[in-house]
Amino acid sequence: MRRRRLLPVLAALALLSACEEKAAPPPPPPVRPVLTVRAVSRNFETFGPFAGTVEPRYQTQAGFRVGGRIVARDVFVGDLVAKGARLAALDPTVQEFAVLRARADVADAEAQFANASATEGRQRTLFEGGNVTQAQLDAAVANRDTAAARLAQAKAARQRAEDERGYTSLTADFDGVVTAWTAEVGQVVPAGQAVVTLARPDVREAVVDIPDTLMGEVRKDAEFSVRLLAAPSVAASGRVREIGPLAESATRTRRIRMTLVDPPQAFRLGTTVTVALERPTAPRIRLPATALLEQDGRTAIWVVRPDGKAVTRREVRVAGRETDEILVAEGLQDGEAVVVAGVHSLAEGQAVRLPETGL
């Protein structure tokens, strides 16, 4: 009888225990490790960078003004030369003979002129005495004038021959540096063929090719930041001087030449540089594109709470998108930690662990 009374009590206790088990709260979600970046606001944007080189603004391809065989080469690529210094020389034999011949022609013309002048003087004296006719005097005067003209012609030819002898030496027209050499000793070159390229190192430019599709961002008065590729800390300013009128057919780029303003000595000719333009803009925060969560037409990100133990969802306004980055205009403050990986697997208030803090 006593057992019969205990059975309902035991059944009620078992039922109560089962209800308590069903009402127990679920276990907390697992702590997820996350990758984050710190939000940093920037009030400027960078156009570029583009790779370019340092080149001279003024350079000359010099050649001999007469043809001949090169017998001397006095400079090499990279040499600094002063104005008037000899760069190369031709064999002057032909020009020397031309000078000797021209001098002989001058001597002959001087003798002919002296003889014609003396004859004209005698004829004038005889004419005044009535011993010769006017026609004879006129003939003597004409012979003297002809001899004078031939003398002037011979002197001009002598001067030309002496100048051509001087042209066998190629000299620098200004202080500069040799950037190219296209002929060697023993080579026969015609008049006017480029032999050496001489550049002025005092006025240097940054030359860069920019895609034609981006040329709308380049203004004639723009001032770019120019940095050495090997040492980005070495920088100078570059003002746009010339914009190529046509795009290169193969690469569809246009050449931009920028005058360097007080460049350091490290900006040597031929040095590779990077060119960029920084422009002021409204404050923007640049984040990886993987940080963006897009749902139901809204854009949001996950921000780690100040204690670093959980995340909260924050709606933001995206001002721009690039290949792998976004620009956030509103909804985020400097210094906040933003989750940049696994944003679709998080929930509001979920516990997280930051690798850099060990939380």
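**Close-up views of the predicted model**

**Figure 1. Contacts across the whole chain.** Of the contacts in the protein that link residues at least 6 apart in sequence, 72% are between residues at least 24 apart. The model shown here is a predicted one, and its secondary structure consists of three helices and 23 strands. Of the 359 residues in the protein, 31% are buried, while the accessible surface amounts to about 21,900 Å², with 53% of that area belonging to carbon and sulfur atoms.

**Figure 2. Helix H3 and the helix it packs against.** Helix H3, which covers residues 134–166, contains 33 residues and reaches 48 Å from its first C-alpha to its last, close to the 48 Å expected at 1.5 Å a residue. The buried residues of H3 are the leucines Leu 137 and Leu 151, the valine Val 141, and the alanines Ala 140, Ala 147, Ala 154 and Ala 161. These buried residues of H3 pack against helix H2, which is formed by residues 93–128.

**Figure 3. The second largest pocket and its lining.** When the lining residues of the second largest pocket are sorted by class, four are nonpolar, five are polar and two are charged.

Definitions and conventions:
Residues are numbered from 1 along each chain as its sequence is written. This is a predicted model: local features need pLDDT of at least 70, side-chain atom pairs count only at pLDDT 80 or more; totals for chains, interfaces and linings use all residues. Side-chain values use heavy atoms; hydrogens and water are left out. Helices (H or I, at least four residues) and strands (E, at least two) are DSSP runs, numbered from the N terminus. The expected span of a helix is 1.5 Å times one less than its number of residues. Buried means under 20% relative accessible area, exposed over 50%, partly exposed in between (1.4 Å probe, protein chains only). Contact means heavy atoms within 4.5 Å. Accessible areas come from the Shrake-Rupley method with a 1.4 Å probe; for residues, only the protein chains shown count as cover. Ala, Val, Leu, Ile, Met, Phe, Trp, Tyr, Cys and Pro count as nonpolar, Asp, Glu, Lys and Arg as charged, and the others, Gly among them, as polar.
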